[in-house]
Amino acid sequence: MTGPATERPNRRAQLLDAAAELFARYGFHGVGMDDIGRAVGISGPALYRHFRGKDAMLAEMLTGISDRLLDAGRSRADATADPRLALDELVRRHVEFALTNPALITVHLRDLDSLATAERHRVREAQRGYVEVWVDVLLRTRPELDRATARASVHAVLGLINSTPYSTHLDRTDMAELLHRMAIAALS
């Protein structure tokens, strides 16, 4: 079944993926609507049927992924009573995200400050919530830690995992296994 209702979400995702790749390569300010349109085979002005502009694309891209990570993290943390299994699942899924979405990580690290204040605040709130999901699971695994140490540990591990856009030394499977081992060792 095709038509506007089924094509539109896929088209929006295609446009956001193309924008993420271009923003990652050239920076948010180095890319225009014509560049994004060209990347998906349409004119730049045709993008305005889908987004108000480049700012709206960046906002949807970064708020969307932050919200999805938070929702998935909560779901994974609640899926098992065993905190070690929950922590393992959080690590595995974040490694998978990082290896699958290097452009989004690059855009987030470089262009978050290009968001309007309200959207930037929303992204930061979702990120804080995501970190706290990890902190809560880590504290259930390692109750001897204080909350500040657990939070610092989680930030360090997420930084390690999110460094993957800058590493092309191993194939994806080997990199996933390496990141998983390192993250679990750091948190244990």
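1. A quick definition to start: buried means under 20% relative accessible area, exposed over 50%, and partly exposed in between, with a 1.4 Å probe and protein chains only. By that scale arginine 93, at 33% relative accessibility, counts as partly exposed, and so does glutamate 89 at 24%.

2. Some housekeeping for your own checks. This is a predicted model, where local features need pLDDT of at least 70 and side-chain atom pairs count only at pLDDT 80 or more, while totals for chains, interfaces and linings use all residues. Residues are numbered from 1 along each chain as its sequence is written, and side-chain values use heavy atoms, with hydrogens and water left out.

3. On to the salt bridges (a side-chain nitrogen of Lys or Arg within 4 Å of a carboxyl oxygen of Asp or Glu). The whole structure holds 14 of them. Glutamate 89 and arginine 93 form one at 2.7 Å, N to O; both sit in helix α4, four residues apart, or about one turn of the helix. Helices here are DSSP runs of H or I, at least four residues long, numbered from the N terminus. The pair also belongs to a salt-bridge network that links Arg76, Glu89, Arg93 and Glu96.

4. Tryptophan 134 is worth a look. Beyond residues up to four places away in sequence, its contacts (heavy atoms within 4.5 Å) include Leu87, His94, Val154 and Leu187. Trp134 is also one of the residues touching the most other members of the largest nonpolar core, which has 59 residues. A nonpolar core is a set of buried Ala, Val, Leu, Ile, Met, Phe, Trp, Tyr and Cys residues joined through side-chain atoms within 4.5 Å. Among the helices supplying at least two residues each are α1 (4-26), α3 (54-78) and α6 (117-141).

5. Finally, helix α5 (residues 102-111) is largely enclosed by the rest of the structure, because seven of its 10 residues are buried. One of these is Asp111, with a relative accessible area of 4%. Aspartate 111 forms a salt bridge with arginine 110, the closest N and O atoms being 3.8 Å apart, and arginine 110 is partly exposed at 40%.
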